[in-house]
Amino acid sequence: MRNAVAQLNTFVQEHLSGIRIVQTFNREQQEYKKFKEINAQHRKANIQSIWYYSIFFPVVELLSATAIGLLLWYGILQMLDTKPSFGIIVSFIMYINLLFRPIRELADKFNTLQMGMLSSERIIKLIGADEQTQNTGKTGATNIRGKIEFRNVYFTYQYDNTKKDADQNWILKNISFTIQPGEMAALVGTTGSGKTTIIALLNRFYEIQKGEIMIDDIPIQHYELHSLRAKIGLVQQDVFLFSDSIYNNITFFENGISRLTVEQACKSVGLHPLIQQLPGGLEFNVQERGTQLSAGQRQLLAFARTLVANPTIFILDEATSSIDNESEKLISNATQSLMANRTSVVIAHRLTTIHHATCIYLLSKGEIKEQGTHNELINKSGLYKKLYELQFENNL
């Protein structure tokens, strides 16, 4: 029954979150049929559980009544021979009730025990799961300058110890580059080339299989994990907001961030005019996943959230891909000041936004195929120039 409840809850949660997709593809009737099937399994499990109860309790009551009946029959026969007293018979009847009362309660306790065992089994699996990253570092990242270096990095999400390195499905292959403190580097390439994976590895969301990733000439494994991530500001394409106020979504419940700092951050990214129009201002509740805000507004809020954290390394993962031209201008102005004196890594599909990058790395199939400034890559007449011309033609 608990497994059926878990399946039902999962189905309902997914389809409520994706209700627009269901409606867009006219899948209401088909998904409703699936719901009825899952709900039928849940109902069947409940009925089966109740059926067990309906068998167990009458059997226990029948045994109890039979025992009392046999006791009375035997006791009366003995009383005719004047052996036991009436009080002894009454005492034995009470003893029988004391015997069968725990047996009646056993079913409820056993059911509770099964529910607890099922829940604890899931918790133990979660706790016992192997972590992708181990927080073994002891070095604090408080005063890092922001130098980033990848040395011959190889990575795959599914590493097979039984295979040779040449047979592994490498997502990144022999990635090497260096970004000096305060520089802006750009990662470009087609979908699936490994751009976002590089960002994930820099944040130590995964561990590499070969090579070395260093910040300020120290391997990132040597840094304390919380300290390292506190110095890396990440703005992703898909912004996640909690069902809470704008203020709490920006500060993320960090008490050390003042309200004045939040207001200044909102002004820097162009979010302040929007906040003034909302009822409650910074206390306006954005609802689940920020449904009360547009995609561009959610992106601006993510910029403000990163800005108040004051990171040393700033990462933009296709952060302007879902923003209109007006919002992009606001963000471009804000990011110029935001990137000042910070090491910046930008993943961009719009090549026009990275003209001023110190170095551009073009990735293809997990390898760096070209690198250089915008003008240098254009003059090479390679893959970068083809991507740029293709994008320029599409924008005409």
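Residues are numbered from 1 along each chain as its sequence is written. Because the model is predicted, local features need pLDDT of at least 70 and side-chain atom pairs count only at pLDDT 80 or more, while totals for chains, interfaces and linings use all residues; side-chain values use heavy atoms, with hydrogens and water left out.

Me: Which class of aromatic pair do F155 and Y157 form?
Reply: Rings of Phe, Tyr and Trp (its six-membered ring) pair if their centres lie within 6.5 Å; planes under 30 degrees apart count as stacked, over 60 as edge-to-face and the rest as tilted. The whole structure holds 14 aromatic pairs. For F155 and Y157 the ring centres are 4.8 Å apart and the planes stand at 80°, so the pair is edge-to-face.

Me: Is F155 buried or exposed?
Reply: Buried means under 20% relative accessible area, exposed over 50%, and partly exposed in between (1.4 Å probe, protein chains only). Y157 counts as partly exposed at 40%. F155 has a relative accessible area of 2%, so F155 is buried.

Me: How many residues apart in sequence are the parts that the pair of Y159 and W170 ties together?
Reply: The pair of Y159 and W170 is tilted, at 6.1 Å centre to centre with 45° between the planes. Y159 is partly exposed at 35% relative accessible area, whereas W170 is buried at 11%. Strands (E, at least two residues) and helices (H or I, at least four) are DSSP runs, numbered from the N terminus. Both Y159 and W170 lie in the loop between β1 (148-155) and β2 (172-179), so the pair ties together parts whose separation in sequence is 11 residues.

Me: Which residue has its charged end over the ring of Y154?
Reply: A charge sits over a ring if NZ of Lys or CZ of Arg is within 6 Å of the ring centre and within 35 degrees of the ring normal. Above Y154, the charged end lies 4.5 Å from the ring centre and belongs to K210.

Me: Which residue takes a positive phi in the hairpin of β4 and β5?
Reply: β4 and β5 (residues 218-219) run antiparallel and are joined by 2 bridges, with M214 opposite P219. The hairpin has 2 residues between the strands, and the positive phi, near 55°, is that of D216.

Me: Which backbone nitrogen does the side chain of S227 reach?
Reply: S227 belongs to helix α6 (residues 225-230) and counts as buried at 15% relative accessibility. Leaving aside neighbours within four places in sequence, S227 is in contact (heavy atoms within 4.5 Å) with G140, A141 and T142. At 2.6 Å, the side chain of S227 reaches the backbone nitrogen of A141.

Terms used
Two strands pair if DSSP finds at least two bridges between them. A polar contact is a pair of N or O atoms within 3.5 Å; within protein, one must be able to donate a hydrogen and the other to accept it, and residues adjacent in sequence count only if both atoms are side-chain atoms.
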